[in-house]
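Here is a friendly briefing to read alongside the model. Please have the sequence and the 3D view open as you go through the points.

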Amino acid sequence: MSKAAEDLATVQMLGLKLPTDPRWVNLAEMDLADILTDHAYCEQKATTTCITLIQKYPEQIEMVRALAPIVTEEWGHFRMVLRELEKRGLELGIQRRDEYVNQLLKFQKKGGSRMDQLVERLLTAALIEARSCERFRLLSLHIKEDELKEFYHKFMVSEAGHYVLFIDLAKKYGDEAKVKARWKEYLAHEAQILKDMELRGDRMH
Ligand SMILES: [Fe+2]
Ligand SMILES: [Fe+2]
């Protein structure tokens, strides 16, 4: 299978409706300080999301048990990115406005039951993991430096696991058929968000 075909297969496995423009990797590697900074804050936000879910739904003990180690893992990712910056003599920059995540948050259905809200949050998290996984895969395959290929490959594998976990949790806490239907809406909407967004090499999304 060619690399392009493999990339497409991964995208399809994740369910994503729009493969990332391959030019994105070239743009990203032109400014490592910016892409690594943005990546670091993605990991921080992933950590925060897991902590918030635990704080808001402490009685869902199975989810708490599943997410507690993910908090550690995501924060470990933040530290990995920080080390990579330092190794290269680059600085962690300031956090930018996350247009992609903000747009996804706007798509969350307000109202409904507390558990409906949980499902919305879990699907949003799953989607961000899926897209991150797809982009890490592109970096791991196409970035020029071998060391960075390996670096990004680790994230790809890890975020793929998180994607599966969040989808499984959403199905556990919501009606499976409804969750599947809603997931399709999320996927379609996410493709539209990316289509409308400028392709930038200094952003993970
Ligand atoms: Fe992560
Ligand atoms: Fe993750």
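Helix 5 passes helix 6 in a right-handed crossing; a crossing is right-handed if the near helix is turned clockwise from the far one by less than a right angle, and left-handed if anticlockwise. This is a predicted model, in which local features need pLDDT of at least 70 and side-chain atom pairs count only at pLDDT 80 or more, while totals for chains, interfaces and linings use all residues. Residues are numbered from 1 along each chain as its sequence is written, and chains are lettered from A and ligands numbered from 1 in the order in which they are written.

**Overall make-up**

- The protein has eight helices and zero strands, where helices (H or I, at least four residues) and strands (E, at least two) are DSSP runs numbered from the N terminus.
- Reading along the sequence gives the pattern α-α-α-α-α-α-α-α.
- The radius of gyration of the protein is 17 Å, which agrees with the value near 17 Å for a compact globule with 205 residues; the radius is taken over C-alpha atoms, and the globule rule is 2.2 Å times the number of residues to the power 0.38.
- The C-alpha trace spans about 45 × 35 × 30 Å along the principal axes of the protein.
- Of the 205 residues, 31% count as buried; a residue is buried if 20 or more other C-beta atoms lie within 10 Å of its own, exposed if 12 or fewer, and partly exposed in between, with C-beta atoms placed from the backbone.
- Taking contacts between residues at least 6 apart in sequence, 78% join residues at least 24 apart; two residues are in contact if their C-beta atoms, placed from the backbone, lie within 7 Å.

**Helix 5 with helix 6**

- The axes of helix 5 (residues 99-107) and helix 6 come within 10 Å and cross at roughly 150°; axes are lines fitted to C-alpha atoms, for helices over the stretch in contact, and angles run from 0 to 180 degrees between N-to-C directions.
- That angle makes helix 5 roughly antiparallel to helix 6, on a scale where angles under 35 degrees count as roughly parallel, over 145 as roughly antiparallel, 65 to 115 as roughly perpendicular and the rest as oblique.
- Val101, Leu104 and Leu105 of helix 5 meet Thr124, Leu127 and Ile128 of helix 6.
- Sorted by class, this contact of helix 5 with helix 6 has five nonpolar, one polar and no charged residues; Ala, Val, Leu, Ile, Met, Phe, Trp, Tyr, Cys and Pro count as nonpolar, Asp, Glu, Lys and Arg as charged, and the others, Gly among them, as polar.

**Helix 6 with helix 8**

- Helix 6 (residues 114-142) and helix 8 (residues 176-196) have axes that come within 10 Å and cross at roughly 45°.
- With that angle, helix 6 is oblique to helix 8.
- Helix 6 passes helix 8 in a right-handed crossing.
- On the helix 6 side, Val119, Leu123, Leu127 and Arg131 meet Val179, Arg182, Trp183, Tyr186 and Glu190 in helix 8.
- The residues of this contact of helix 6 with helix 8 divide into six nonpolar, no polar and three charged.

**Helix 3 with helix 4**

- Helix 3 (residues 32-56) packs on helix 4 (residues 61-87) at an angle of about 165°, with their axes 8 Å apart.
- This makes helix 3 roughly antiparallel to helix 4.
- Helix 3 and helix 4 have a left-handed crossing.
- Their contact brings together 18 nonpolar, four polar and three charged residues.

**Residues to look at in helix 6**

- Leu127 has its place in helix 6 and counts as buried, with 26 C-beta neighbours inside 10 Å.
- Leaving out residues up to four places away in sequence, Leu127 touches Leu104, Tyr186 and Glu190.
- Leu139 is also found in helix 6 and is buried, with 22 other C-beta atoms within 10 Å.
- Beyond its neighbours within four places in sequence, Leu139 is in contact with Val25, Ala28 and Tyr152.
- Leu139 and Asn26 are 113 residues apart along the chain, and their C-alpha atoms are separated by 9.2 Å.
- Arg137, in helix 6, counts as buried with 23 C-beta neighbours inside 10 Å.
- The C-alpha atoms of Arg137 and Tyr152, 15 residues apart along the chain, lie 7.0 Å from each other.

**A residue to look at in helix 4**

- Glu73 lies in helix 4 and is partly exposed, with 17 other C-beta atoms within 10 Å.
- A separation of 8.1 Å lies between the C-alpha atoms of Glu73 and Thr47, which are 26 residues apart along the chain.
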